[in-house]
Amino acid sequence: FPGSHPLSHSPSPKSSLEDLVRSIRPVTRVLVGGALVSAALASFRLLSPMFLVLDWSAVVYKVEIWRLITNFMFFGGFGLNFVFHLFILGRNSQDLENKVFNDPRTGIADYVFCLLVGCVPMLAIAYLLDMPLLSFSLSFLIIYIKCRKHADENVVLWDFLL
């Protein structure tokens, strides 16, 4: 039987998970990790989702500046909708980091700057239209950037050619 010999070594689940996390590029890891943590906090009722959404009065008068970031990472609690959006976010962000922002010296900074250039106007529009969540908009921004950078490639969504 595999693994029954005392000298045989099979990778532990911990090292497999660790290898998976390490294989994800840095910015994508932060985005996907933030989405997972915010969903876990909301799903297990450790934190009210109202502390994660964009509330301008709380940002201005109570200095809850984390809301400027968490609203981009909160897709709601765990569920099928969450899985779809997390997959779309992770896959497209990873593709951008691997194919477009892959310079070892400036790739991470360029990608973060690109996201900031896209997210700051979204915050202004959210203020005008009173939008509490911009996570879906961030996903579409990443898809848009990927499609513009690779205009000659076919779009594949869930292994279906579009």
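How much space lies in the second largest pocket? About 310 Å³. We will get there by way of the whole chain.

**Before you start**

This is a predicted model, where local features need pLDDT of at least 70, side-chain atom pairs count only at pLDDT 80 or more, and totals for chains, interfaces and linings use all residues. Residues are numbered from 1 along each chain as its sequence is written, and side-chain values use heavy atoms, with hydrogens and water left out.

**Stop 1: the whole chain**

Show the chain as a cartoon. Look for seven helices and two strands. Helices (H or I, at least four residues) and strands (E, at least two) are DSSP runs, numbered from the N terminus. Along the sequence the pattern reads α-α-α-α-α-α-α-β-β. Of the 162 residues, 33% are buried. Buried means under 20% relative accessible area, exposed means over 50%, and partly exposed is in between (1.4 Å probe, protein chains only). Contact means heavy atoms within 4.5 Å. Among contacts with a separation of 6 or more, 67% join residues 24 or more positions apart.

**Stop 2: helix 2**

Select 26-43, which is helix 2. Its 18 residues should span 26 Å at 1.5 Å a residue, and the end C-alpha atoms are 25 Å apart, which agrees. The expected span is 1.5 Å times one less than the number of residues. Now colour the buried residues of helix 2, including V27, L31, A35 and S38. The buried residues of this helix pack against helix 5, helix 6 and helix 7. Step past the end to R45, which follows helix 2 and has a positive phi, near 55 degrees.

**Stop 3: L31 and the core**

Select L31. Leaving aside neighbours within four places in sequence, L31 is in contact with M73, L89, S93, L115, L138 and I142. L31 is also among the residues with the most contacts inside the largest nonpolar core, along with F72, Y111, L115, L134, L138 and I142. That core has 26 residues. Helix 6 gives the most, with six residues. A nonpolar core is a set of buried Ala, Val, Leu, Ile, Met, Phe, Trp, Tyr and Cys residues joined through side-chain atoms within 4.5 Å.

**Stop 4: the second largest pocket**

Which residues lie nearest the centre of this pocket? Select L31, I69, L115, L116 and C119. They belong to a lining of 14 residues. By class, the lining has 14 nonpolar, no polar and no charged residues. Helix 6 (107-129) brings the largest share, six residues,.

**Stop 5: H85**

Move to H85 in helix 5. Is H85 buried or exposed? Buried, because its relative accessibility is 16%. Not counting residues up to four places away in sequence, H85 touches F75, F136 and S139.

**Stop 6**

S23 is in helix 1 (residues 13-23). At 45% relative accessibility, S23 is partly exposed. Draw a line from its C-alpha atom to that of Q94: 9.9 Å, for residues 71 apart along the chain.

Next, V63, in the loop between helix 3 (56-61) and helix 4. Its phi is positive, near 55 degrees. V63 is exposed, with a relative accessible area of 55%.

Finish at D130, in the loop between helix 6 and helix 7. Phi of D130 is positive, near 55 degrees. D130 counts as exposed, at 65% relative accessibility.

Terms used
On a 1 Å grid over the protein atoms alone, a cavity is a set of points where a 1.4 Å probe fits but cannot get out, and a pocket is an open set with protein on both sides within 12 Å along at least five of seven lines; lining residues have an atom within 4 Å of a point. Grid points are joined across faces, edges and corners, and a volume is the space filled by probe spheres set on the points. Ala, Val, Leu, Ile, Met, Phe, Trp, Tyr, Cys and Pro count as nonpolar, Asp, Glu, Lys and Arg as charged, and the others, Gly among them, as polar.
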